[in-house]
Amino acid sequence: MTVNHNRRPYLWGMLAILGAFLILPLLPYALADKDSFTLVPNPGADLWRDARRSLPGTTQVKGVVETGVLIQDTGERWRIYRIRQLVPYGAYILGGVLGLSVLYFLVRGRVRIAGGRSGRTIQRNTRLEQGVHWFTAILFIILGLSGLTLLYGKWVLIPLLGPEGFAATAQICKQLHSYSGPLFVIALVPLFGVFLRDSLFNPKVDLDWLMTAGGYLGGRHPSSEKFDAGQKLWYWVAVLAGVVLSISGLLLDFPNLGQGRELLQLSYLFHTIAGVIILAFFIVHVSAAIGIEGALEAMVEGKVDANWAKQHHDLWYKKLDTAGSDEEVSSDKGNSAATDKQVRDC
């Protein structure tokens, strides 16, 4: 193949023109004073900078303050905090309390009634107290189990049920949680009123009970009134944490009442913390009811054995005995009419 040498000047000319088009426009920038050289700013830079800072803009959409926010960056920070801190720390607390309760039961065994059962029963709780207790307890169990499923089901149930099975379970739990919540708010009112008098702290008696852990870690069994310091503490945790759960839960149940996203995130935070605290105390409460012989009878039957009352609530038992044992104590084997005369409000 031969090259036509007559075309070489033409090719070199074309390359020179192409180079001029590419290089000549750059010469002013190369020769300019670098100190005085400025770039033309991106006209949208300020807009996107403000958007990433979650600064509100102007919009025709009417609603809460977030309607004017294009990018709500706190949502990502909240998601990371929930996954890395809130959820695992709650699991550590609940798992630790449950583990210690099981360990105590395995080492200590069931706390028996000293001297065995006497064959005599004392009326401990009225029908009203039993009804309020179980109404609140059933709602709490529903809310607790459904809440735990929503909080931890992603890690526990998906390996067992698969994504579709967990999705169906979570949907059911969400509905149960949402509709049981307002009922729990209503249940707190009689719970507070019915058990308030017996749950007021008596420093002289209750501090001694707390300092000795009720005698359950060894040593003497301290004196206590109708409710010991542990039961009183559980009552106030249930009421106060229940109030926090109720307020935060209602805000989460009705998110379109004007509250902003940050308030909803704060409500979720307090709702979870209060839920973990009350569930931890609930585990201890259930463990005590199962692990202490005769304790569960108080709320199931409304009566307790006289020896149980003398052992665990001696001051209350003495108060009954002072009022007249014939009216307060009855025999399981004998006269059933005496049961109706038992003092029910001591």
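Biologist: How many salt bridges does the structure hold?
Modeller: Eight salt bridges. Keep in mind that this is a predicted model.

Biologist: OK, give me an example. Which side chain meets R112?
Modeller: The side chain of E293 meets R112 in a salt bridge, at 4.0 Å from N to O.

Biologist: Where do E293 and R112 lie?
Modeller: E293 lies in the loop between α9 and α10 (297–300). R112 lies in the loop between α4 and β1 (120–123).

Biologist: Is E293 buried or exposed?
Modeller: E293 counts as buried, because its relative accessibility is 13% and the cut-off for buried is under 20%.

Biologist: Next one. Which residue forms a salt bridge with E129?
Modeller: K226 does. The closest N and O atoms of E129 and K226 are 4.0 Å apart. This pair links distant parts of the chain too: E129 is in helix α5, while K226 is in the loop between α7 (203–211) and α8. They are 97 residues apart.

Biologist: And are those two buried or exposed?
Modeller: Both E129 and K226 are buried.

Biologist: What about R220, which partner does it have?
Modeller: R220 forms a salt bridge with D208, and their closest N and O atoms are 2.7 Å apart. R220 sits in the loop between α7 and α8, D208 in helix α7, twelve residues apart.

Biologist: How accessible are R220 and D208?
Modeller: R220 is partly exposed, with a relative accessible area of 48%. D208 is partly exposed as well, at 28%.

Biologist: Which residues do salt bridges with shared partners join into one network?
Modeller: R112, R117, E293 and E297.

Biologist: How does the lining divide into nonpolar, polar and charged?
Modeller: The lining of the second largest pocket has 23 nonpolar residues, twelve polar and five charged.

Biologist: Let's go to the surface. Which residues form a nonpolar patch there?
Modeller: L98, L100, V102, L103, F105, L106 and V107. Together they have about 730 Å² of accessible area.

Biologist: Pick L106. Where is its place, and is it buried or exposed?
Modeller: L106 is in helix α4. L106 is exposed, because its relative accessible area is 65% and exposed means over 50%.

Biologist: Last bit, single residues. Where is S146 found?
Modeller: S146 is in helix α5. It is buried, with a relative accessible area of 2%.

Biologist: How far is S146 from Q171?
Modeller: Their C-alpha atoms are separated by 9.8 Å. Along the chain, S146 and Q171 are 25 residues apart.

Biologist: And I247, buried or exposed?
Modeller: I247 counts as exposed, at 53% relative accessibility. It lies in helix α8.

Biologist: How far apart are I247 and P182?
Modeller: In space, 9.9 Å from C-alpha to C-alpha. In sequence, I247 and P182 are 65 residues apart.

Note on methods. Residues are numbered from 1 along each chain as its sequence is written. This is a predicted model: local features need pLDDT of at least 70, side-chain atom pairs count only at pLDDT 80 or more; totals for chains, interfaces and linings use all residues. Side-chain values use heavy atoms; hydrogens and water are left out. Ala, Val, Leu, Ile, Met, Phe, Trp, Tyr, Cys and Pro count as nonpolar, Asp, Glu, Lys and Arg as charged, and the others, Gly among them, as polar. Patches are made of residues with over 30% relative accessible area and no salt bridge: like charges are joined within 9 Å, nonpolar side chains (Val, Leu, Ile, Met, Phe, Trp, Tyr) within 5 Å. Accessible areas come from the Shrake-Rupley method with a 1.4 Å probe; for residues, only the protein chains shown count as cover. Helices (H or I, at least four residues) and strands (E, at least two) are DSSP runs, numbered from the N terminus. Buried means under 20% relative accessible area, exposed over 50%, partly exposed in between (1.4 Å probe, protein chains only).
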